[in-house]
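Colleague: I have the sequence and the model open side by side. Please take me through the packing, starting with the aromatic pairs.

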Amino acid sequence: MSKRVFNFSPGPAVLPVKVLEEAQQAVLELPGVGMSILEISHRSKPFDAVMTEAKSLLTELLGIPAGYSILFLQGGSSLQFSMVAMNLLRGTGKTADYVLTGTWGTKAFQEAQREGTARAAWDGKSHNYAYLPAQNELKFSPDAAYVHITSNETIQGVEFPAEPDTGSISLVCDASSNFLSRPVAVERYGLIYACAQKNAGISGVTAVIIRDDLLKRTPKGLPAMLDYQLQAANDSLYNTPPVFGIYVLMLIARWLKHDIGGLKKMAEINQEKAKLLYDVLDANPDFYRGHARADSRSMMNVTWRLPSEELEQAFVKQAQSRSLVDLKGHRSVGGIRASIYNAMPREGVVALRDFMLEFKQQNGG
Ligand code: PMP
């Protein structure tokens, strides 16, 4: 195999080598089945076993209580922006409250506005989404259909350390970029969704964890594919699901359980990795300017600026020559973004840390 670089891409992103090897094997032959994972029917016994194992591993890893359904859907998290509002807001006559902490929360909000009355309960735009609201800044509509948050804003690099308290209002969360990176109190949520291509596998499958009472809210007349109730009743097999994506998600869940030792352990590893980079930002504030305020920092996407765009370009280019790739920040924010998801090895983060220190020495005096 050619030498693997350290891939800091925001997603699709780095995967564990072990999972890639297992997926490679399954592309030739699913162990014991005599056919490729790409060739088997979604209604076959082997695939039924994959689905069952994927769901039972997610239930175990996240401690999902009884009374929730796990769905594997297509259309990415962007389709969830619409499905959430179609299923939980349409026709209710209520308002949905959105907490806007960055680009993705804002996109979710815009989609909800197409469906009904959606209101920004908080908007961090004035400070370019550098920090998250404190609990006492959040005033929800008393009769809100739900409150929507984005647990980790992939572009700005801000992450809720814990979910806000929404009282009796159902909490809906876009967890795309920190799903499976730490334990979650699932019982505090009505619905959690996450596209898989960051921590949970590959693009093409989106996990949705929904509390069963919310399934009853689906209004009549939705297109079948966009109807949570129908998808749950058919166990995500209303049509052909993304078979390979679900298989890789299952392999990732196995890896998290057996190789990592669960989400608490994963969170400790992630925190230690992120600290390696944040320590450099803290020690060199006149050269590296972190985007996120310290109390809102993401453990998944670390974002910062350099003194000039020329230096930022040079940083990205020189990093690349050392096999540290995809560090350019999102065009809307600029600067540098290091995405250090579950599968980013510690050595990759150490190599980036060392490069940051060296680059500063050479360019910042
Ligand atoms: N939400 C968040 C937090 C994301 O990071 C992304 C993808 N970068 C999306 C939503 C959109 O996901 P998709 O491309 O699967 O629609």
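**Aromatic pairs and what surrounds them**

Modeller: Tyr 98 and Tyr 146 are both buried. Keep in mind that this is a predicted model. The count of aromatic pairs comes to 12. One of them joins Phe 81 and Trp 104, with ring centres 6.4 Å apart. Their planes stand at 45°, so this pair is tilted. Phe 81 sits in helix 3 (residues 76–88) and Trp 104 in helix 4 (residues 103–115), so the pair ties together parts 23 residues apart in sequence. Phe 81 counts as buried, at 4% relative accessibility. Trp 104 is partly exposed, at 28%.

Now back to the two tyrosines. Tyr 98 and Tyr 146 make an edge-to-face pair, 5.8 Å centre to centre with 70° between the planes. Tyr 98 belongs to strand 3 (residues 95–100) and Tyr 146 to strand 5 (residues 146–150), so this contact ties together parts 48 residues apart in sequence. Elsewhere, ring pairs link Phe 287, Tyr 288, Trp 304, Phe 315, Phe 355 and Phe 359 into a cluster.

Next, strand 9 (residues 191–195). Of its 5 residues, 5 are buried, so the strand is largely enclosed by the rest of the structure. Both faces are covered. Leu 191, Tyr 193 and Cys 195 lie on one side, Ile 192 and Ala 194 on the other. Strand 9 runs parallel to strand 8 (residues 171–174), joined by 3 bridges. There, Cys 173 stands opposite Ile 192. Strand 10 (residues 206–211) pairs with strand 9 in the antiparallel sense, over 5 bridges. Ala 194 faces Ala 207 in that pairing.

Strand 12 (residues 301–305) and strand 14 share 4 bridges. Thr 303 has Arg 337 as its bridge partner in strand 14.

Key:
Residues are numbered from 1 along each chain as its sequence is written. This is a predicted model: local features need pLDDT of at least 70, side-chain atom pairs count only at pLDDT 80 or more; totals for chains, interfaces and linings use all residues. Side-chain values use heavy atoms; hydrogens and water are left out. Buried means under 20% relative accessible area, exposed over 50%, partly exposed in between (1.4 Å probe, protein chains only). Helices (H or I, at least four residues) and strands (E, at least two) are DSSP runs, numbered from the N terminus. Two strands pair if DSSP finds at least two bridges between them. Rings of Phe, Tyr and Trp (its six-membered ring) pair if their centres lie within 6.5 Å; planes under 30 degrees apart count as stacked, over 60 as edge-to-face and the rest as tilted.
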